[in-house]
Amino acid sequence: MAHDDERDVLIIGAGAAGGAMAWSLSRRKVDVVCLEQGDWVPPTLRPKNHLDWEVRARRSWSPSPNIRQWPSDYPVASYGDDPISVFIYNAVGGSTIGYAGNFWRFTPSDFRVRSLDGVGVDWPIGYEDLAPYYTINEREMGVAGLAGDPWSPPREPLPLPPAPLGPQGQLMIEGCEKLGWEWWPTEQAITTRPYEGRPACDLKGYCPFGCPQGALATVDVTYWRKALRSARNGVDLRTNARVREITLHPDGRAKGALYYDAEGRLREVRAKVVVLAAGGLGTPRILLQSTSSRHPQGLANSSGLVGKNLMVHVQTFVIGRFEEPVQAWQGTWGGAVSSRQFYETDPANDYLRGFVMSINPGWSPLNLALQVAPWGANHHAAMDAHLNHEVVLFCCGEDLPEERNRVELDWDNLDAFGLPGVKTFYSFDENSKRLGAAMITKGTQLMEAAGASGVRDFGISPALGWHLMGAARMGSDPASSVVDADNRAHDVSNLFIADSTSLATGGGVNPTSTIQAVALRCAEGIWERRRELG
Amino acid sequence: MAMAYDWRKEEYEVTRPGRTRIDYRQEIGRAHVPIGIEREFAVLDPERAGALRAWVCTLIPARDERPAAGDVGAAEYIDATVFLTPRLRGVLLDAIDTVEHMAQKLTGGQFAEATPPERTAVLRAFAANDPLDAFPMVRDLTYEAYYAHPLVLDVLERETGWRYEVAISGGDLEPFDERLLDRMRTVPPRWRNA
């Protein structure tokens, strides 16, 4: 079996966190090798390069690995009262290749949920620890927006101006102003001007379906371009590399990883430091696969919490229908305008924590037809009533960690190399259900204030599975967490887990910005302790 | 955030690999069938092809400028899809034969020759007892073939104003006007100091 000489750092996963870490370490001339299960996404695979993009989005670009079945995918089965509709991509760039680029910072209260509200857990770090890394990340990703939102602490200006409002943004502002609610242009990882070699967004919309020109800050066009740029210091990125297990030295330190290459040959990489950044399901999958006599329940799992405390957010769409056409085809998906009016805990509510609401254009024809147009004689009338007459309010709220919500290995459904798939189990608790009901009530109120003549919503179940967090969480106590405040595994001194799984709680906003800030902070910590680590 | 896709509230299912029943959504995931090109049937014989064309025309009938689904190749699209997904061929063939049998019982004639109300009655009865999910499969594929067809998209733009080509060629919007934030800039800090 072939293996290389020992490298400085092995990163497993080339997504939001892995890409950021690879860039951060490689610019310091650290010798980095990265194993990515998937491959680069070719332009032809991106639906938006084709007229039939809506159909391709249901098939070869489906966010469900069970449907699209890329060679890099593993099966994911969903169970529980509120089973997760899983949205993940295994590719260079990870799930950012199919995201919309909402780029929120968490707020200070998001890190102190237990202290402030008596639920969930506190993070071992606070907003102030991440703030410098949020700033670096916004610069490197190219984030559009405006500083000054009263719902966020003071911060530096963003590198790009906010996205255009569009007719939907105007409607949301009108609704907020009527209700006296507060709003702000959404921070979005989209180039509203040419930026670092990337062109300005030309508002094709429907961003998750493969931004054709790289205006959407997917990690393959941001961090990876930079990390690979230098032939001398560039990262050794190996695609189609399926990690089977993380290996250990006799003294218990991580030695590297065994993986299958594209041809199915078993390979080994050895490194002084191993960083796991394989995503909300991929990371616990690899840890649970990495069993040994020393770690019979999986690596870094002395707490028994690897795979547990999975969080997905409470999410829904509230859709307003307007009598007049609303130019529903244009604008960024991610939402030009948002409101955090109900983001912080309010003792008057029947739930704790809060949520954000962001306005989007309307659904495209096929997507809309599948939602609202019955077959038969009334089909066209339904399309007339809804197409170009709707705007879509995305609502996202905090869902607190619970051990019963979890990831397990699925040995009944294997990937192409005989490695197990995963099973997820998910059920919302009463707080999340009440918060979800409030999101729908407030979203409906907002749409009606904006002038909607009808409002519909998606409910909160099945759980939308875009934000998969917490299954190897950060904490100070090894009995109740998997990694410490620096993302180092409590059980393995040179193993770091630096992706969404390390988030102790999930806030009430899209988490990519925080995932990457955590990863950049982790990378800096590795750099500062490089002599200790080997 | 990524966009929710194909979320049908009444019947949404989370996919589960390994389920014994064939899940047509998983079967068609890797099957790409171009839309808007003329093709012949590859799986269905002429009689079944006629029945399927009548079926898709019942799902989406013509109205004014909008063609029926059968007029933009939806039946051929379904046939081409199951050609690429052999496990679904039997599902489709059984479904067409069952619909045909039900039409014979209800009308005494072929499904394709039934009146629109009779076809609707047959399909409703079929959908009510459809253990293989053939009905939602045919419906979803029909909607795909219809709403990705250039002819249909052109008519939709004329009749509803929904501009499909912007998703491909780009659009233009006014830049954000910061003066809109005048009130918001007077709002005191709302975030909780932790």
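This is a predicted model: local features need pLDDT of at least 70, side-chain atom pairs count only at pLDDT 80 or more; totals for chains, interfaces and linings use all residues.
Let me start with strand β2 (residues 32-35) of chain A, where Val32(A) and Cys34(A) point one way, Val33(A) and Leu35(A) point the other way, and all are buried, buried here meaning that 20 or more other C-beta atoms, placed from the backbone, lie within 10 Å of a residue's own. In a regular strand the side chains alternate between the two faces of the sheet. Residues are numbered from 1 along each chain as its sequence is written, and chains are lettered from A and ligands numbered from 1 in the order in which they are written.

Helices (H or I, at least four residues) and strands (E, at least two) are DSSP runs, numbered from the N terminus, and two strands pair if DSSP finds at least two bridges between them. On that basis β2(A) is joined by 4 bridges to strand β1 (residues 7-12) of chain A, running parallel, with Val32(A) as the bridge partner of Val9(A). β2(A) is also joined by 3 bridges to strand β6 (residues 236-238) of chain A, again parallel, and there Val33(A) stands opposite Asp236(A).

Next, Arg68(A), which is found in helix α3 (residues 65-68) of chain A. Is Arg68(A) buried or exposed? Arg68(A) is buried, because 21 other C-beta atoms lie within 10 Å. Leaving aside neighbours within four places in sequence, Arg68(A) is in contact (C-beta atoms, placed from the backbone, within 7 Å) with residues including Trp61(A), Asp73(A) and, from the other chain, Gly29(B).

That brings us to the interface, where 90 residues of chain A are in contact with 63 residues of chain B. The largest share of chain A's side, 6 residues, comes from helix α9 (residues 365-372) of chain A.

Finally, in chain B, the axes of helix α2 (residues 46-59) and helix α5 (residues 116-128) come within 10 Å and cross at roughly 95°, the axes being lines fitted to C-alpha atoms over the stretch in contact, with angles from 0 to 180 degrees between N-to-C directions. α2(B) is therefore roughly perpendicular to α5(B), a label that covers angles of 65 to 115 degrees. Ala54(B), Trp55(B) and Thr58(B) in α2(B) meet Pro116(B), Arg119(B), Thr120(B) and Leu123(B) in α5(B).

How values were computed
Two residues are in contact if their C-beta atoms, placed from the backbone, lie within 7 Å. Angles under 35 degrees count as roughly parallel, over 145 as roughly antiparallel, 65 to 115 as roughly perpendicular and the rest as oblique. A residue is buried if 20 or more other C-beta atoms lie within 10 Å of its own, exposed if 12 or fewer, and partly exposed in between; C-beta atoms are placed from the backbone.
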